[in-house]
Amino acid sequence: MINIDNFKALRVLVIGDLMLDEYLWGRVDRISPEAPVPVVAVEKTSHTLGGAGNVINNLSAMGATVFAMGTVGKGPAGRDVLKMLGALNVDVTGVISESDRPTTRKTRIIAASQQMLRIDREVMHRISAHTLEELTRILAGYIDKMDLVIISDYDKGLVTRELVARIVELANKSGVMTLADPKSMDFSKYMGVSVLTPNKREAAIAAGMQIQTPEQMDAAAAKIMALAGLEKLLITCGKAGMVLYETGKPAVAIASKARQVFDVSGAGDTVISILGLGLASGATFKAAAGLANLAAGIVVAKVGTATASIDELKQCVMFNV
């Protein structure tokens, strides 16, 4: 059994697309006379870390020490992200402010515990050559201090093929495990990472085939592992749980526990966070994935981008629910 309390001793470097998640909470009393859409009367506004920031939130909730790398804009949203990271005692030495890359902001409108609409404000061009070199320099100075590297790619232009190659090279030299959550559909971009964690849809697109049967899932997994030079692959399947693939071993399916699903936002962030902590603490792939599956079940039962607490996870482990 994994000792969750050991997570507090781990140091994790998270590199990826930092975002600001904004929530407008309100109620719906009528339909607009202008168009057949509900009128949401906003009652409060809240902000949380999104994207790679949600991975950091999940790791911090488990007590791990986190070092953040990425970019933010120079406006209010970027300042809000840095402020929230600071409140979590996250080292932001590796967060670079770029004037031409404003912070990605996702605004969700929530009424009656349901998401009504999402508005995205973002740019998706690649990071500059200067930023790539600066991130590489910072990474080289910190990698030896880390127990784990998580690449949180939301395909906004930060996680380029060149950056992934440099992360893998430096991590391998230091004997540090690398996990990547992909959004780019060309999985060769993630060549050499220790573990890749796509969802079923992403895996199907990357493999160029439908996944409707276990046999098709196995075939897609084999194609992806060959494409990206992987030894471990985890494919999340929503309510159906997840399937693990490891070189030289049979596939392992892990069923999800029955829970009421309110919001799947950030469930993948939870999976890669808890999976990484489990593996870094010495757990087997299956045991770490099983714990990640339990944690994901906790967060999808909450509204908005959420995390599981240590106590919630311990309770799930205790009662296996």
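The model is predicted, and every value below is computed from it.

Two packed helices are described by the angle between their axes and the distance between the axes. The pair formed by helix 3 (residues 129-142) and helix 4 (residues 161-174) has axes that come within 11 Å and cross at roughly 15°. Because angles under 35 degrees count as roughly parallel, helix 3 and helix 4 are roughly parallel to each other. Their crossing is right-handed. Helix 3 contributes L132, E133, L135, T136, L139 and A140 to the contact, while helix 4 contributes E162, L163, R166, I167 and L170. Sorted by class, the residues of this contact comprise seven nonpolar, one polar and three charged.

The second pair joins parts of the chain that lie in helix 1 (residues 52-61) and helix 7 (residues 267-280), whose axes come within 9 Å and cross at roughly 45°. That angle makes helix 1 oblique to helix 7. Here, too, the crossing is right-handed. On the side of helix 1 the contact involves N54, V55, N58 and L59, and these meet D269, T270, I272, S273 and L277 of helix 7. The contact of helix 1 with helix 7 divides into four nonpolar, four polar and one charged residue.

Helix 7 also holds I274. Is this residue buried or exposed? I274 has a relative accessibility of 1% and therefore counts as buried. Apart from its neighbours within four places in sequence, I274 is in contact with M62, A288, L291, A292, A295 and L313. N89, by comparison, stands 185 residues from I274 in sequence, and the C-alpha atoms of I274 and N89 are 19 Å apart in space.

Attention now turns to charged pairs. The salt bridges in the model come to 19. One of them pairs R11 with D147, with 3.3 Å between the closest N and O atoms. This pair links distant parts of the chain, since R11 lies in strand 1 (residues 11-16) and D147 in the loop between helix 3 and strand 8 (148-152), 136 residues apart. R11 is partly exposed, its relative accessible area being 36%, and D147 is likewise partly exposed at 27% relative accessibility.

A further salt bridge connects R105 and E22, whose closest N and O atoms are 3.6 Å apart. What is the accessibility of E22? E22 counts as buried, at 11% relative accessibility, whereas R105 is partly exposed, with a relative accessible area of 24%.

E169 counts as partly exposed at 45% relative accessibility, while K173 is exposed, with a relative accessible area of 65%. Elsewhere, salt bridges that share partners join E22, R105 and R121 into one network.

Two residues of a loop complete the account. M185 is placed in the loop between strand 9 (177-181) and strand 10 (195-196). At 29% relative accessibility, M185 counts as partly exposed. Residues up to four places away in sequence aside, M185 touches E202, I205 and A206. For one of these, E202, the separation along the chain is 17 residues, and the C-alpha atoms of M185 and E202 are separated by 6.8 Å.

K189 also lies in the loop between strand 9 and strand 10. K189 is buried, because its relative accessible area of 10% falls under the 20% limit. With neighbours within four places in sequence left aside, K189 is in contact with D153, D155, V159, T160, R161, V164 and S184.

Methods
Residues numbered from 1 in each chain as written. Predicted model: local features only at pLDDT ≥ 70, side-chain atom pairs only at ≥ 80, totals over all residues. Heavy atoms only, no water. Axes fitted to C-alpha atoms, helices over the stretch in contact; angles between N-to-C directions. Helix = DSSP H or I, 4+ residues; strand = E, 2+ residues; numbered from the N terminus. Parallel < 35°, antiparallel > 145°, perpendicular 65-115°, else oblique. Left-handed = near helix turned anticlockwise from the far one by under 90°. Contact = heavy atoms within 4.5 Å. Nonpolar A, V, L, I, M, F, W, Y, C, P; charged D, E, K, R; others polar. Salt bridge = Lys/Arg side-chain N within 4 Å of Asp/Glu carboxyl O. Buried < 20%, exposed > 50% of the residue type's maximum accessible area, 1.4 Å probe, protein only.
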